[in-house]
Amino acid sequence: MEAKSGTEDRMEELDTVRAEFLQSLPGDINRARNAYRRMAQAAALKMDAKSFAAHQTACKAGLSHLEGLIKLLRWASGPDAAENDKAKSPAMQEAEIRKLIAEARGALAGSEG
């Protein structure tokens, strides 16, 4: 029986981490998305300027958190998924960003009504 090299051991450990992330990240992303929605829909009508600025900062932090989780999920999905993201044209990347912004604006607009 051949002994495994250090590289093979590290690759197995990495595969284990990826598998664990693939199992847990979808639920984590869903919880973070729901938390973001609750924060974004918080009534901003009666906020003073300082509270409103803090609210907007919290919303931005929530979106950053979601983005980080999604990047981890892409990494965990394997090198092909990460390469596909890198291969996207700037126009495709901009379209995705615009979609996220539109969704955030829609959530914020819904909280005002």
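Throughout this passage, a residue is called buried when its relative accessible area is under 20%, exposed when it is over 50%, and partly exposed in between (1.4 Å probe, protein chains only). By that definition, the buried residues of helix α2 are His55, Cys59, Gly62, Leu66, Leu69 and Ala76. The structure is a predicted model, in which local features need pLDDT of at least 70 and side-chain atom pairs count only at pLDDT 80 or more, while totals for chains, interfaces and linings use all residues. Residues are numbered from 1 along each chain as its sequence is written, and side-chain values use heavy atoms, with hydrogens and water left out.

The chain holds four helices and zero strands, where helices (H or I, at least four residues) and strands (E, at least two) are DSSP runs numbered from the N terminus. Read from the N terminus on, the order of elements is α-α-α-α. Of the 113 residues in the chain, 18% are buried. Contact here means heavy atoms within 4.5 Å. Among contacts between residues at least 6 apart in sequence, 71% join residues at least 24 apart.

Helix α1 comprises 35 residues, and its first and last C-alpha atoms lie 47 Å apart, close to the 51 Å expected at 1.5 Å a residue. The expected span is 1.5 Å times one less than the number of residues in the helix. Along the way, α1 carries a kink of about 40° at Ser24, shortly before the proline Pro26; the bend at a residue is the angle between axes fitted to the seven residues ending there and the seven starting there. The buried residues of α1 are Arg18, Leu25, Ile29, Ala32, Tyr36 and Ala40. Gln23, also placed in α1, counts as exposed at 70% relative accessibility. The C-alpha atoms of Gln23 and Ala76 are separated by 9.7 Å, although the two residues are 53 apart along the chain.

Helix α2 can be treated in the same way. Its 28 residues should span 40 Å at 1.5 Å a residue, and the 41 Å between its end C-alpha atoms agrees with this. Within α2, His55 is buried, at 5% relative accessibility. His55 and Ala42 are 13 residues apart along the chain, with 8.4 Å between their C-alpha atoms. After α2 comes Gly78, which has a positive phi, near 110°.

In soluble globular proteins, nonpolar side chains tend to be buried together. A nonpolar core is taken as a set of buried Ala, Val, Leu, Ile, Met, Phe, Trp, Tyr and Cys residues joined through side-chain atoms within 4.5 Å. The largest one has eight residues, namely Leu25, Ile29, Ala32, Tyr36, Ala40, Cys59, Leu66 and Leu69. Both α1 and α2 supply at least two residues of this core, and α1 gives the most, with five.

A salt bridge requires a side-chain nitrogen of Lys or Arg within 4 Å of a carboxyl oxygen of Asp or Glu. A search of the whole structure finds two. One joins Arg31 and Asp28 at 2.5 Å, N to O; these residues are separated by about one helical turn because they stand three residues apart in α1. Asp28 is partly exposed, at 27% relative accessibility. The other joins Lys71 and Glu67 at 3.7 Å, N to O; being four residues apart in α2 (residues 49–76), this pair is likewise separated by about one helical turn. Glu67 is partly exposed, with a relative accessible area of 45%.

Arg18, in α1 (residues 6–40), presents a contrasting case. Arg18 is buried yet has no salt bridge, and the nearest side chain of opposite charge, Asp15, is 4.8 Å away. For charge, Lys and Arg count as positive and Asp and Glu as negative, with His and the chain ends not counted. Not counting residues up to four places away in sequence, Arg18 touches Trp75, Ala76, Gly78 and Pro79.
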